[in-house]
Amino acid sequence: MNVLFDNRQDYFIISDILKKKIIECIETALKVENKYRNNIEVSVSFVTSEEIKHINSEFRGIDKETDVLSFPMDFEFYEENMPYMLGDIIISTERSIEQAKDFGHSIEREILYLVCHSVFHLLGYDHIDESDKMIMRNKEKETMKIMGIFKNEKEF
């Protein structure tokens, strides 16, 4: 597994420990879905609220800030022994900080949840319909439980 990190913000330090946990989170979510392969590639970018608002407006036509965006790669073919690009995850660290405070847990926990949530979007899940939302939430909960990360955790 190859995770490409891109940090384009100054609001929160993305530590090496957090990067390792993000990789673990992606791997765990893929294993929950039975989709884990060694040659999967994912990019994870950390951006400002202003940048995520711009991206959301440009690519989704929604002119407002959000916490995370997921852009799955839609390949029509797959080459043996080539990296399989799952897609891109873009996280607003400003929004992560706000939500962590609102939910009463650590910023790292919030970022890991957003990564988990986004991986399931990359795998084709959505939460528009209530029944789909329940399926996606159950997969997120299972992933977080396997990782030993629970709601309201103050420490990482």
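Predicted model: local features only at pLDDT ≥ 70, side-chain atom pairs only at ≥ 80, totals over all residues.
Local features are reported only where pLDDT is at least 70, and side-chain atom pairs only at pLDDT 80 or more, whereas totals for chains, interfaces and linings use all residues. Residues are numbered from 1 along each chain as its sequence is written, and side-chain values use heavy atoms, with hydrogens and water left out.

The structure contains 5 salt bridges, a salt bridge being a side-chain nitrogen of Lys or Arg within 4 Å of a carboxyl oxygen of Asp or Glu. One of them pairs the side chains of Asp 6 and Arg 8, with an N to O distance of 2.2 Å. Asp 6 is partly exposed, because its relative accessible area is 31%, where buried means under 20%, exposed over 50% and partly exposed in between (1.4 Å probe, protein chains only). Arg 8 is likewise partly exposed, at 34%.

A salt bridge also joins Arg 8 to Glu 51, at 2.6 Å from N to O. This pair links distant parts of the chain, 43 residues apart, since Glu 51 lies in helix α2 (residues 49-60) and Arg 8 in the loop between β1 (2-7) and α1 (16-32); helices (H or I, at least four residues) and strands (E, at least two) are DSSP runs, numbered from the N terminus. Glu 51 has a relative accessibility of 22% and therefore counts as partly exposed.

Lys 139 and Glu 33 form a further salt bridge, in which the closest N and O atoms are 3.0 Å apart. Here too distant parts of the chain are linked, with Lys 139 in helix α5 and Glu 33 in the loop between α1 and β2 (40-47), 106 residues apart. Lys 139 counts as buried because its relative accessibility is 18%, and Glu 33 counts as buried at 17%.

A negative surface patch is formed by Asp 126, Asp 129, Glu 130 and Asp 132. Patches are made of residues with over 30% relative accessible area and no salt bridge, like charges being joined within 9 Å and nonpolar side chains (Val, Leu, Ile, Met, Phe, Trp, Tyr) within 5 Å.

Terms used:
Areas by Shrake-Rupley, 256 points an atom, 1.4 Å probe, with all protein chains shown as cover. Lys, Arg positive; Asp, Glu negative; His and termini not counted. Charge placed at Lys NZ, Arg CZ, Asp CG, Glu CD.
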